[in-house]
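Colleague: I have just opened this one and could use a guide. Could you walk me through it?

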Amino acid sequence: MNPRLDRPLRLGTRRSKLAMSQSGHVAEAVRAVTGRPVELVEITTYGDVSREHLAQIGGTGVFVTALRDALVRGEVDFAVHSLKDLPTTQPEELVIAAMPLREDPRDALVARDGLSFAALPDGARIGTGSPRRTAQLHAYAKSLGKVVETVAIRGNVDTRIGFVRAGELDAVVLAAAGLNRIGRGDEATDLLSVDSVLPAPGQGALAVECLASDTDLIAALGELDDPFTRAAVTAERALLAALEAGCSAPVGALADLLAEGQTVHEMRLRGVVGTLDGSTLVQLSTTGPVPQSYDEAMALGRELADEMLAKGAAGLMGERSL
């Protein structure tokens, strides 16, 4: 018997409450499909220990490198990432074996006194560490005839919501998926419509990554893959990658499936880039058949990115946030 099959599978995860919750859900699913025990291996990443704002320390990748290093060194068998944290370039020695069914991709508002975004007072102070959210929140407020102040914050969910509970901020914006995964979705006072605030590419989705050479594990993890989630986030990340090459403005994107009854027939991809003050946004969408392959999903994203760049996206030079 293969001695590797006698030991538990080692799942590399960040130490945060959210990461541990996400990884715990994946671990249960992997136990179910493999029949093998799974143990969580906690790994501290640069993004966890740095006190700088994410836009200053590189945004994507800062929560990922240590996990990937552990994979390559053989210290863990697979790792779970929030997909929006992954850089768009994939290392050759690693493969994303599964993208499970996506959680709610929307941004959530947690505001004092149960307020919705529309009910926030003029001049409300809103905490977020994301230039993408900053740009769109300002534009959304402007569309409602008011002005908001965005305050750069960092920290885990408790820390961020704590700013509101302590009265330091009127509201904070977090990913709805994260709140749901730690059982705190009911603390959201508003779920921001994607018609007003597009999420980060891949938001709400997880990536389960392992060595490209571990074909048995790839096959097992593949049981967790949701093809519609994979098609959607691949298109979103293709859009992001193409814009990264020609634009340093904050990017939001969402691909969703358009259905008639029970039949899914098309995918709509929406993208936005804007200046940090929200004064200028380039927002476009495209609709086409649901991609049946990686190449088709990539082509959908690149096509929309090209249209956005042609409409002036490259001229919206915000803080480097990608």
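Predicted model: local features only at pLDDT ≥ 70, side-chain atom pairs only at ≥ 80, totals over all residues.

Colleague: Okay, in what order do the strands of the open sheet come?

Modeller: The open sheet is made of five strands in the order 2-1-3-10-4, and their pairing is mixed. Strand 2 (38-42) and strand 4 (94-98) are at the edges with a single partner strand each, so one side of each has no neighbour in the sheet. On average, neighbouring strands are turned by 35° against each other, direction ignored.

Colleague: And strands 3 and 10, parallel or antiparallel?

Modeller: Strand 3 (residues 78-82) and strand 10 (residues 206-211) run antiparallel and are joined by five bridges, with Phe78 standing opposite Cys210 of strand 10.

Colleague: Which strands does helix 4 touch?

Modeller: Helix 4 (residues 65-72) packs on the sheet and touches strand 1 (9-13), strand 3, strand 4 and strand 10, while its direction makes about 165° with that of strand 3.

Colleague: Switching topic, how many aromatic pairs are there in the whole structure?

Modeller: A search of the whole structure gives one, formed by Phe117 and Tyr140, whose ring centres are 4.4 Å apart and whose planes are at 5°, so the pair counts as stacked.

Colleague: Where do Phe117 and Tyr140 lie?

Modeller: Phe117 is in the loop between strand 5 (107-111) and strand 6 (125-127), and Tyr140 is in helix 5 (residues 131-143), so the pair ties together parts 23 residues apart in sequence.

Colleague: Is Phe117 buried or exposed? And what lies over its face?

Modeller: Phe117 is buried, as is Tyr140, and Lys146 lies over the face of Phe117, at 5.7 Å from the ring centre.

Notes: Residues numbered from 1 in each chain as written. Heavy atoms only, no water. Pairing = 2+ DSSP bridges. Helix = DSSP H or I, 4+ residues; strand = E, 2+ residues; numbered from the N terminus. Axes fitted to C-alpha atoms, helices over the stretch in contact; angles between N-to-C directions. Contact = heavy atoms within 4.5 Å. Phe/Tyr/Trp six-rings, centres within 6.5 Å; stacked < 30°, edge-to-face > 60°. Buried < 20%, exposed > 50% of the residue type's maximum accessible area, 1.4 Å probe, protein only. Lys NZ or Arg CZ within 6 Å of the ring centre and 35° of its normal.
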